[in-house]
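We will go stop by stop.

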Amino acid sequence: MTAGPTAYSFAWSAVWRGLPYLLQGAAFTVFVSALAMVVAVALGLVLAALTEVRGGVARPLVRAYVEVFRNTPLLIQIFIVYFGLPQLGWRLSPFLSGLSALVIYAAAYNAEIFRAGLEAVPRGQHEAARSIGLSELGAQRFVIVPQAIRIAFPALGNNLVSLVKNSSLVSTIGMVELMFVANDIAFNNFRTFEIYGAAALLYVLLVLALTRALHLAERRMARAR
Amino acid sequence: MSARIVLESLPYLLRGTLVTVGLSLAVIALGTAAGLTLGVLRFVPWRGVGRGIGWAVELVRAVPLLLLMFFIFFGLPAIGVGLPTLPAAVLAMSLWMMVNTAEVVRGGIQSIPTGQVEAARSLGLGWVPMMRHVIVPQAVRRMIPPFVGLCTILIKDTSLAAIIGVFELTRAAQETIERTLRSFEIYTVTAAIYFVICFPLTRLAQRAEARLARPS
C-alpha cells in the first residue's frame, strides 16, 4: 500500500499499552457509580417518604430540591460544589466533590421515582395492612414500601445507567475515573482516536453488562411475585 | 454575595444563554429528524436491518455524551477529519439526540397493540402506509412526554460543549469567573438561568404524562 503523508494507521500498540490504565479507570467508574447510587437510593427513599407527610414544610422543601436539581445541569452542580463552595469556606477534595454532586443529582431523580412508586401502590393495600393489625410503620415497612420499590425498580435501573455515564463529568474536576484516564493517556501519546475509541468501548461494555443484570433482576422479581 | 458583580455580569451571561438556546434548538431539530427516521426504520420488515439499527442505537446510547464529544473533537482529527469546536459539539449532541429519540420512538411504537398491525395488514396496507397512517399517529401521543423530557436533558447537557471550548452559557460563566473570581455567585446564577429554561419543559412533560394516564 502506498502511504501518503496523511495516511493513518490504527495503532493497536497504543490501545494495549493504555488498556491496563483504562481498566483501572473503569473499575473506579464502577466504584464511584455504585457508591453514589447506594447513597442516592437511601436519600431518595427518605425524601420520598418525607413527601408523604401531609402538612408542614417537608413536602414543599423536598419538591423544591427535586425540581432544582433535576432542572439544572449536573456539570454546573459539580462546579458549584468544587469551585463555588470553597469560596464559602467549604473545601472538598475532587473525590468528595464529585461524589456528593453525583449523589445529590441522582437522589433528586430517585426521590421522584420513589414518590411515583409509592403513589402507584393501590390504596386498598394500606387499608388491608392496617385492618390485619399492622401499625402505620409496619404497614409501610412490610407492605407499601416493598411494593413501591418493585414498581420503581426499572426506573431506578435506568437512573443507575445514567449515573454510570454521568460519572464521566467528574473527570473535569480531577477525579481519576475512566474518562479522566482516557484524557490523560490521549493527551500524552496523541493517539486520541484509539484511546477514546477504547474508552467508549469500555463504557459500552459496562452499560450493556449493567442493563443485562438489571433485566435479569427485574425478571426474577416478577417471578417471585 | 456580591450583587453588583452578578448584575454587571448578567449581560454577558445572557449572551451565552442566547447561544445555548440556539444550540439546543439546532440540535433538537437535527437530532429529532434523524432520530424519528431511525426509530421508525427499526421496524422495517427486513429483520436484519431492524436489528442492525437497534444494535447501533444501543451502542451509541451507551457512550457518555462527553466522551462522544471528545472522540469527535480530539479523536477524529487523528484520522483526518478535523472539525472546529462548534460543529464538533453540534455533531456529538445531534448524534446523542438522534439515538435517544430513536429509543423514545421505539418505546412509543412498541406500546401500540399488535392488533393494530394485524388490522392494518388485513386491510391490505403496505408497511409505509401502515406506519404513516396507523402506527405512528397513535404512537406519537405516547412519545411526547419522554421526548419533552429528552429535550430538557439535552438543554442541560449543552453545558458540556463548554469543555471543548464552545461559547455558550457555561463557557460565559467560566469566563466571567476568570475575571471576577466569584465562582459561587456566578455558577448559582447560571444554574438559575438553566432552571428558568428547563423547568417549564419539565412541567409540560409532566402535564402531557398526566393527560396520557387519564382514560380518554
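Among contacts in chain A between residues at least 6 apart in sequence, what percentage join residues at least 24 apart? The value is 75%. Two residues are in contact here if their C-beta atoms, placed from the backbone, lie within 7 Å.

Before you click further, some ground rules. This is a predicted model, in which local features need pLDDT of at least 70, side-chain atom pairs count only at pLDDT 80 or more, and totals for chains, interfaces and linings use all residues. Residues are numbered from 1 along each chain as its sequence is written, while chains are lettered from A and ligands numbered from 1 in the order in which they are written.

**Stop 1: chain A**

Select chain A. Colour by secondary structure. You will find eight helices and zero strands. Along the sequence the pattern reads α-α-α-α-α-α-α-α. Helices (H or I, at least four residues) and strands (E, at least two) are DSSP runs, numbered from the N terminus.

How much of chain A is buried? Buried residues make up 41% of its 225 residues. A residue is buried if 20 or more other C-beta atoms lie within 10 Å of its own, exposed if 12 or fewer, and partly exposed in between, with C-beta atoms placed from the backbone.

**Stop 2: H1 and H6 of chain A**

Select residues 12–52 of chain A for helix H1, then residues 136–166 of chain A for helix H6. Their axes come within 9 Å and cross at roughly 140°. Axes are lines fitted to C-alpha atoms, for helices over the stretch in contact, and angles run from 0 to 180 degrees between N-to-C directions. H1(A) and H6(A) are therefore oblique to each other. Angles under 35 degrees count as roughly parallel, over 145 as roughly antiparallel, 65 to 115 as roughly perpendicular and the rest as oblique.

H1(A) passes H6(A) in a right-handed crossing. A crossing is right-handed if the near helix is turned clockwise from the far one by less than a right angle, and left-handed if anticlockwise.

Show the side chains here. From H1(A) come Thr29(A), Ser33(A), Ala36(A), Met37(A) and Val41(A). They meet Leu156(A), Leu160(A), Leu163(A) and Val164(A) in H6(A). This contact has seven nonpolar, two polar and no charged residues. Ala, Val, Leu, Ile, Met, Phe, Trp, Tyr, Cys and Pro count as nonpolar, Asp, Glu, Lys and Arg as charged, and the others, Gly among them, as polar.

**Stop 3: Phe190(A)**

Go to the loop between H7 and H8 of chain A, where Phe190(A) is found. Its phi is near 60°, a positive value in a residue other than glycine. Most residues other than glycine have a negative phi. Why does Phe190(A) count as partly exposed? Because Phe190(A) has 13 C-beta neighbours inside 10 Å.

**Stop 4: chain B**

Switch to chain B. Chain B has eight helices and zero strands. Its C-alpha trace spans about 70 × 50 × 20 Å along the principal axes. Of its 216 residues, 43% count as buried.

Select H6(B), residues 127–157, and H8(B), residues 183–213. The two axes come within 9 Å and cross at roughly 165°. H6(B) and H8(B) are therefore roughly antiparallel to each other. The crossing is left-handed. Among the residues that meet are Val148(B) and Ile155(B) in H6(B), with Leu201(B) and Ala205(B) in H8(B).

Next, pick Leu181(B), in the loop between helix H7 (169–180) and H8 of chain B. Phi of Leu181(B) is near 60°, a positive value. Leu181(B) is exposed, with 10 other C-beta atoms within 10 Å.

**Stop 5: where the chains meet**

Show both chains. Their contact takes 33 residues from chain A and 30 residues from chain B. On the chain A side, the largest share, ten residues, comes from H8(A). By class, that side has 21 nonpolar, nine polar and three charged residues.

Finish on Tyr194(B), in helix H8 of chain B. Is Tyr194(B) buried or exposed? Tyr194(B) counts as buried, with 23 C-beta neighbours inside 10 Å. Leaving aside neighbours within four places in sequence, Tyr194(B) is in contact with Thr72(A), Pro73(A), Ile76(A) and Lys156(B).
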